[in-house]
Each structure stands twice: as structure tokens, then as C-alpha cells.
Amino acid sequence: MCIRDRSYSVPKNQNKKKKKTTQRKKEGRRKKENTALFIDGENISSKKAEQIQKIANKQGVLGTEKVYGLQKDECTKSWSDKAKKLDIKDIRLCGNPEKDKVDNKIKKDVNQEIKNNKSVDVVCIATSDKGYTDTVKELRRQGKKVVGIGEKKAPKELRDACSEFFEIK
């Protein structure tokens, strides 16, 4: 599996931008980044990106923001431009389309984020897909707050599994 990542490294002497730290200053205090956002780009339109980001920002300080889609999928290509504009990491999966390929990658990355970043206590998942229900339940068992962000079509099982669910229009 290949992933197109928009990040790159710059030699130390050429790095003019200040590196992102694990804390951001807000209202005169430094707050730790405790919230991660994962967007299923196959399942939710890029037209809802600002609304999704706004809801996630209200949950805590965002440290991780990622949107996922297939490289050759015309339906998710609009996410690439939107992600760049909103400073969301755009993850494109290459290769042949497979059932739940994007969903499985998101689930894997969510678990990796929780394992590697102990400060994350809120996980926002933007999807209307029932397939995330077991992952949400597992995160809740681990003591994480899970915020679902989805459309009217989101199944009851997913809504009920989340700590909170926000319906976007």
C-alpha cells in the first residue's frame, strides 16, 4: 500500500518556519493537544470540511487532523484541495480499490495515534459508516471520549456507540 503524504523535510539551516510543538497557546495559557480528528473522505463530502473542523475544535486542542481517500477516486479528490486549504493531512491510498480499504486504514491509524500519543483523550471520527462502531466502542472502553460527526444517514448503532454525535447538514 502506498500513501501520498504532503509532508517533507527541510534541512535545518533552511527551515524558516517555526516547528509545530505539542502545545498551542490559547488565551494566554498553553494547552496540550488532546484531540485527534479522522475524516472518512469516501463517506462525507468535502463541502462539510469547515463544519467538521469547527465541531472538532470545540472538543479540545486539535493535534492530529487527517482525511482519507483513494488516490484514483474522483469522488474524494475534492478533499485534497480542501485539506490543503484547512491544513488537514491528506492521506491517499494507492492501488486497487478494495472493500473497506480506507476504513481499515483509518481504524489502524486511530489505534496507532492512541498508542503513540498518550495526551489524546478525545477522538473525533467524521463518518456515517456503521463499520466504525466496534472501533468506537473499543476507544470508549479505553476511557477515550469519542465524538462522531456525520450525516442524517448515520446508523443508530454508530450514534449510540459515540460519547456524543453531531449531525451535520
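**Figure 1. The largest nonpolar core of the predicted model.** In this predicted model, the largest nonpolar core comprises 22 residues, and F38, I106, V123, V136 and L139 have the most contacts inside it. At least two residues of this core come from each of β4 (35-40), β5 (62-70), β6 (89-93), α3 (101-116), β7 (122-126), α4 and α5 (156-161). Helix α3 provides the largest share, 4 residues. In soluble globular proteins, nonpolar side chains tend to be buried together.

**Figure 2. The surroundings of F38.** Neighbours within four places in sequence are left aside in this view of the contacts of F38. F38 is in contact with T64, K66 and Y68, and also with I106, D109, V110 and E113.

**Figure 3. T133 in helix α4.** Helix α4 spans residues 133-141 and contains T133. T133 counts as buried because its relative accessibility is 7%, under the 20% cut-off. Apart from neighbours within four places in sequence, T133 is in contact with E157, L158 and A161.

**Figure 4. The protein as a whole.** The protein contains 5 helices and 9 strands, which follow the order β-β-β-β-α-β-α-β-α-β-α-β-α-β from the N terminus. Of its 169 residues, 47% are buried. Of the contacts between residues at least 6 apart in sequence, 62% join residues at least 24 apart. The accessible surface is about 10,300 Å², with 46% of this area belonging to carbon and sulfur atoms.

Technical notes: Residues are numbered from 1 along each chain as its sequence is written. This is a predicted model: local features need pLDDT of at least 70, side-chain atom pairs count only at pLDDT 80 or more; totals for chains, interfaces and linings use all residues. Side-chain values use heavy atoms; hydrogens and water are left out. Buried means under 20% relative accessible area, exposed over 50%, partly exposed in between (1.4 Å probe, protein chains only). Contact means heavy atoms within 4.5 Å. Accessible areas come from the Shrake-Rupley method with a 1.4 Å probe; for residues, only the protein chains shown count as cover. A nonpolar core is a set of buried Ala, Val, Leu, Ile, Met, Phe, Trp, Tyr and Cys residues joined through side-chain atoms within 4.5 Å.
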